[in-house]
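Here are my notes on this one, in the order I'd go through them. Have the viewer open as you read.

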Amino acid sequence: MRYVEALKIAIRSILSNKMRSFLTMLGIIIGVTAVIALVSIGQGSTRSVTSQIQSMGSNLIMVNVMGRGGESSLTYDQAIVLKDSNFIAAISPVISTSVTAMYGNNSVDNTTVNGVNGDYQSIRDIQVAAGRFILPMDDEGRNRVAVLGSNVARELFGFTDPIGKTIKLNGQNFTVVGILSQKGSSIAGSDDDSIFIPLKTMFYFAKNRGIRQIYIEATSPDTVELAKNEINSKLLTIFKGDTNAFRIIDQSQILSTVNSVTATLSLLLGGIAGISLLVGGIGIMNIMLVSVTERTREIGIRKALGAKKKDVLLQFIIESLTLSGLGGIVGIIVGYVLSMVLGSAMNINAKPSLSTVLISFSFSVIVGLFFGVYPANKAANLNPIEALRYE
């Protein structure tokens, strides 16, 4: 009953000074809201990026050549020989360049054109909405055919069917044979804004035979490391033991790096938001000290009527906890709504996790307890006679 009575007194005290109580709780509300919103955005971004990486395929291996001088790239034969392995299912060297694409009076500037072979479709899990993708015969015949990303097709053709139409890439004619399904951006870039042509056609179109990027698909997730070891051995032979001339990356490495960075970022954002809670706690302590001063005579009367030190201490601690607890609850509600709104605007799932909500609320209560102890202790130590004489 003593705790219930102390809670009633605390609520009456808060309601008797509504504006002051609200302003006191505002620091806690802002702190909890910031913690929930920022951490949820961080976690949502992590989930979004992780999903994009996983959609690339668990068997995916990427090779980037970073050599210098005469060994700054691979020849086609050097790149394609990497497929001679029992652990590799498909391989597609990639050469990219930027062009101006035109159809009639419509044009798209600075569009990326990728020279790829037929394996690129299965490696990157590309879906074709209309027509077809690059075929082996296109590559071997150096055919001037093109597959358009969904955004490029829309900008060049609008609602017209592009299949069979001729477009100009830097003034050279290419026949459109396929349109890709819209996929959106990913960690490896967006195919929606790209154009694909046969790799061997790209040799002549871009006057570039040097290959610096290769997409490789291992036969299974279990053979990824074995495939990487074989690739590494072959590239070391080509680059005469220079380990800095190339880089081999698989999905697990990307996930590990992304998770490490986003976890650190979420912790940093949560720490910054937590400062607001500390500021809110200082506000609670200041108001509680004012409350002790205002209610000095009340404390004296209670002590004169038999209230013990622990009763007064309990009353003011519960009042501080009530302020921080109510602020925490309001902050959770506002933080949840803000997270959903920001998540929707950023197109990510930013729904706050239960652990984030519980940690934020617990921290707000701990802050209220920590900053409420000093004012409560000051009230409990008042001399009843001096308190009664206080004006």
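How many salt bridges does the structure hold? Six, where a salt bridge is a side-chain nitrogen of Lys or Arg within 4 Å of a carboxyl oxygen of Asp or Glu. Before the details: this is a predicted model, with local features needing pLDDT of at least 70 and side-chain atom pairs counting only at pLDDT 80 or more, while totals for chains, interfaces and linings use all residues. Residues are numbered from 1 along each chain as its sequence is written, and side-chain values use heavy atoms, with hydrogens and water left out.

1. Start with Lys228 and Asp250, whose side chains form a salt bridge at 3.2 Å, N to O. Lys228 sits in helix H8 and Asp250 in strand S10, so the pair ties together parts 22 residues apart in sequence. (Helices are DSSP runs of H or I, at least four residues, and strands are runs of E, at least two, numbered from the N terminus.) Glu225 joins these two in one network, through salt bridges that share partners. Both Lys228 and Asp250 are buried, meaning under 20% relative accessible area; exposed is over 50% and partly exposed is in between (1.4 Å probe, protein chains only).

2. H8 itself covers residues 224–238. Its buried residues are Val224, Ala227, Lys228, Ile231 and Leu235. They span an arc of only 95 degrees around the axis, which puts them on the same side of H8; the arc is taken from the directions from the helix axis to the C-beta atoms. After H8 comes Lys240, with a positive phi near 55 degrees.

3. Asp250 turns up again as the bridge partner, in S10, of Ile61. S1 (residues 60–65) and S10 run antiparallel, joined by five bridges; strands pair if DSSP finds at least two bridges between them. S1 also pairs with S9 (residues 213–218), again antiparallel over five bridges, and there Val63 stands opposite Ile214. Five of the six residues of S1 are buried, so this strand is largely enclosed by the rest of the structure.

4. Two other salt bridges deserve a look. Asp191 and Arg124 have their closest N and O atoms 3.9 Å apart, and the pair links loops 67 residues apart. Asp191 and Arg124 are both buried. In the Arg132–Asp138 salt bridge the closest N and O atoms are 2.6 Å apart; here Arg132 counts as partly exposed at 26% relative accessibility, whereas Asp138 is buried at 1%.

Key. Expected span 1.5 Å × (residues − 1).
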